[in-house]
Amino acid sequence: QVQLVESGGGLVQPGGSLRLSCAASGSTFVDIPWAWYRQAPGKQRDVVASIIRGGSTNYDDSVKGRFTISGDKVKNTLYLQMNTLKPDDTAIYYCNTAPPTMTWGQGTQVTVSS
């Protein structure tokens, strides 16, 4: 069974940056669409960014121009580079296929606060 393990979260001040990583054992990021999702307290889990075969990417309007999704074929790892972070970006971030088909990992907490 594929296991998703997210990492790289933390506490950062507004305007700061973080780079999230997602490792998927037993799967590959190359063949199917993948995405980063986030869930803030009291809110539903939503797609933040997605990447499809060929490298095309899509972003939620709230992160467009600030976040970049990418995948490393060799390391079989999905990344989310987050720049110019805002307090509204505070959430638990998860990776999964797009749409989600795998068991969710534990996620990684991102807190943006001064």
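Me: In which sense do E1 and E3 pair, and over how many bridges?

Reply: Strands of a sheet pair through backbone hydrogen bonds, and the sense is either parallel or antiparallel. In this predicted model, E1 and E3 pair in the antiparallel sense, over 5 bridges. Within this pairing, glutamate 6 stands opposite cysteine 22 of E3.

Me: Which residues of strand E1 lie on its covered face, and which on its uncovered face?

Reply: In a regular strand the side chains alternate between the two faces of the sheet. In strand E1 (residues 3-7), Leu4 and Glu6 form the covered face, while Gln3, Val5 and Ser7 form the uncovered one.

Me: Which residues does the disulfide join?

Reply: A disulfide is a covalent bond between the sulfur atoms of two cysteines. The structure holds 1 disulfide, and this bond joins cysteine 22 to cysteine 95, with an S to S distance of 1.8 Å. Distant parts of the chain are linked in this way: cysteine 22 belongs to strand E3 and cysteine 95 to strand E9, 73 residues apart. Both cysteine 22 and cysteine 95 are buried.

Me: Why is the disulfide called right-handed?

Reply: The torsion about the S-S bond of cysteine 22 and cysteine 95 is about 55°, and therefore the disulfide is right-handed.

Me: In what order do the 6 strands of the open sheet lie?

Reply: The order is E2-E10-E9-E4-E5-E6, and the pairing is mixed. Strand E2 (10-12) and E6 are the edge strands, each pairing on one side only. Within this sheet, E4 and E9 run antiparallel and are joined by 6 bridges. Alanine 35 has asparagine 96 in E9 as its bridge partner.

Me: Which residues touch the most other members of the largest nonpolar core?

Reply: In soluble globular proteins, nonpolar side chains tend to be buried together. The largest nonpolar core here has 26 residues, and Trp36, Phe67, Ile69, Leu78, Leu80, Met82 and Tyr93 touch the most other members. E3 gives the largest share of this core, 4 residues. Leaving aside neighbours within four places in sequence, tyrosine 93 is in contact with several residues, including Trp36, Phe67, Leu80 and Met82.

Me: Is glycine 65 buried or exposed?

Reply: Glycine 65 counts as exposed, because its relative accessibility is 80%, and the cut-off for that class is over 50%. Its place is in the loop between strand E6 (57-59) and strand E7 (67-72). Glycine 65 and methionine 82 are 17 residues apart in sequence and 9.6 Å apart in space, C-alpha to C-alpha.

Note on methods. Residues numbered from 1 in each chain as written. Predicted model: local features only at pLDDT ≥ 70, side-chain atom pairs only at ≥ 80, totals over all residues. Heavy atoms only, no water. Helix = DSSP H or I, 4+ residues; strand = E, 2+ residues; numbered from the N terminus. Buried < 20%, exposed > 50% of the residue type's maximum accessible area, 1.4 Å probe, protein only. Core = buried A, V, L, I, M, F, W, Y, C linked by side-chain atoms within 4.5 Å. Contact = heavy atoms within 4.5 Å. Disulfide = S-S within 2.5 Å. Pairing = 2+ DSSP bridges.
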